[in-house]
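Here's a quick tour of a structure, taken piece by piece. Have the viewer open and follow along.

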Amino acid sequence: MSQTLAVINCSQLVTLSGPARPRVGPELCQLSIVADGGMLIRDGRIATVGTRSEVEKLIDNDCEVVDAGGRIVLPGFVDAHAHPVFAGTRANEFEERSQGASYQEIAARGGGIQSTVNATRAATLDGLVASGKRYAEWFIRSGTTTVEAKSGYGLTVEDELKTLRAIKRLDEETPLRYVPTFLGAHSIPAEYKSRREEYVSLIIDEMLPRIAQEELAEYCDVFCEANVFTTDESRRILSAARAQGLGLRIHADQLSLSGGAQLAAELGATTADHLEYTDTAGIAALKSAGVQPVLLPGSVYALGSSHYPAAREMIAAGLAVVLATDFNPGSSPTPSMPMILSLASTQMKMTPAESITAATINAAYSLNRGDKIGSLEAGKVADFVIYDCYDYRDLAYFFGIEHPWRVYTGARQVFRRL
Ligand code: NIG
Ligand code: FE
């Protein structure tokens, strides 16, 4: 028997319906809101979107009805850049940074990413799944229903495989949807510091073929930055990844202008992420190559910096901007997309509407899922959130609270506020 669910009495049904491609320029402001709206969902997919009265006509005796009580309804957030599988935390480093130490200083003396690598190597697969489940719940109750998940805290063949297997299990065992990315090029691990060439070869010759063969990742990412991976090393790793059938993403120009955006354009990467130091030439290169920028203001904020990426310039240049959390234990310990919307408005001067588009439909396209998620349109998967808000702008405006009232993935209720 088919399962039907009707959602009615939504003061604003924020559908994001529109052209079947990422949104640019003024399109970022167009949320396609149905006032007093409703949705009919069949077998986990959206069947009809319309006004409440249009949807109510379709309700029969077998239909379960959810009354949103005049609240707003949006597609679940799609978080297109996160590092949600790791062991341990770095509260100690956070405290040191609060006393003036810099992220780079801490990394240079063997802390930073390497300290999470040490903890992650010591963890079992089950241990990573257990901590990952805790974070999955944090994402869900912030309104996120799909998350991109990078490896990159293992940095040996077995520990990278362990991390990607944990991501696969989290996708199967939690209501959150995961898109796996291989980030073996996150850092040169301590034992390879004096022979970095060998580590690059390990990634290209051993890690990538195994991961591709076991189909454990859809994308490959590289941290391209002075003192991490050079543009030349990044080019070699990403070219090898492409030959193995993986899509490409790059941590680019996060801490300095290091050529990452230009490299993303040269390689035709799907995304270039961070871009705090990208210049006008880099923005033009991204535009001409059709690369989507993924902006991560949570990491700028949490590192105590004020060097936010040039979002307005990117929007004016016609780039299909994406916003994401960069959730990780070092530079951005937040899973909250509403927090990111707040930062986007206050620090990067993006309107709430632009930010919502960047965190839903544009993010879905950046993960090759624009036809399935990211908007509320007939045929799409019923991943949606009812917020305890009555105006969509409240999601960015009131910050520091959890807005969701009910969260659904595939039409199944996975979070409910008491
Ligand atoms: O995106 N830039 C590199 N990677 C992460 C930080 C990871 C960490 O500090 O553990 C980032 O900011
Ligand atoms: Fe990151």
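Lysine 349 sits in the loop between α13 and α14 (352-358). In this predicted model, lysine 349 has a positive phi of about 60 degrees, even though it isn't a glycine. Most residues other than glycine have a negative phi. With a relative accessible area of 55%, lysine 349 counts as exposed, because the cut-off for that label is over 50%.

Aspartate 326 also isn't a glycine, and its phi is positive at about 65 degrees. You'll find aspartate 326 in the loop between β13 and α13. Is aspartate 326 buried or exposed? Its relative accessible area is 1%, so aspartate 326 is buried.

## The iron site

Aspartate 326 turns up again at the iron ion (ligand 2). The protein donors there are His81 (NE2), His83 (NE2), His251 (NE2) and Asp326 (OD), at 2.1 to 2.3 Å from the metal. Written as a sequence pattern, the donor residues follow H-x1-H-x167-H-x74-D.

The pairing of histidine 83 with aspartate 326 links distant parts of the chain, 243 residues apart. Histidine 83 belongs to the loop between β6 (77-79) and α2 (91-98), while aspartate 326 comes from the loop between β13 (322-323) and α13 (337-348). Both of these residues are buried.

## Domains and cores

The chain is assigned two domains: domain 1 (4-75 + 375-416) and domain 2 (78-366). Taken over C-alpha atoms, their centres are 29 Å apart. Across the boundary, 34 residues of domain 1 are in contact with 27 residues of domain 2.

The largest nonpolar core has 102 residues, and the members touching the most other members are Phe182, Tyr199, Ile203, Phe229, Leu323, Met350 and Leu395. Domain 1 and domain 2 each supply at least three residues to this core. Another core lies apart from it, with 17 residues, including Leu376, Ile386, Trp405 and Tyr408.

## A buried loop residue

Leucine 275 is in the loop between β11 (271-274) and α10 (280-289). With a relative accessible area of 0%, leucine 275 is buried. Not counting residues up to four places away in sequence, leucine 275 touches Ala252, Asp253, Ala261, Leu286, Pro293, Leu295, Pro309 and Met314. Its C-alpha atom is separated by 8.5 Å from that of tyrosine 308, which is 33 residues away along the chain.

## Helix α5

Does the length of helix α5 match or differ from what its residue count predicts? The 18 residues of α5 (residues 125-142), at 1.5 Å a residue, should span 26 Å, and the end C-alpha atoms are 26 Å apart, so the two agree. The buried residues of α5 are Leu128, Val129, Gly132, Tyr135, Ala136, Phe139, Ile140 and Ser142.

## Aromatic pairs

In total the count comes to 12 aromatic pairs. Tyrosine 397 and phenylalanine 398 have ring centres 4.6 Å apart and planes at 50 degrees, so this pair is tilted. Tyrosine 397 is exposed at 60% relative accessibility, and phenylalanine 398 is partly exposed at 44%.

Technical notes
Residues are numbered from 1 along each chain as its sequence is written. Chains are lettered from A and ligands numbered from 1 in the order in which they are written. This is a predicted model: local features need pLDDT of at least 70, side-chain atom pairs count only at pLDDT 80 or more; totals for chains, interfaces and linings use all residues. Side-chain values use heavy atoms; hydrogens and water are left out. A nonpolar core is a set of buried Ala, Val, Leu, Ile, Met, Phe, Trp, Tyr and Cys residues joined through side-chain atoms within 4.5 Å. Buried means under 20% relative accessible area, exposed over 50%, partly exposed in between (1.4 Å probe, protein chains only). Domain bounds come from an automatic or database domain assignment. Helices (H or I, at least four residues) and strands (E, at least two) are DSSP runs, numbered from the N terminus. The expected span of a helix is 1.5 Å times one less than its number of residues. Donors are N, O and S atoms within 2.8 Å of the metal (3.2 Å for Na, K and Ca); water is not among the atoms, so sites may look incomplete. Rings of Phe, Tyr and Trp (its six-membered ring) pair if their centres lie within 6.5 Å; planes under 30 degrees apart count as stacked, over 60 as edge-to-face and the rest as tilted. Contact means heavy atoms within 4.5 Å.
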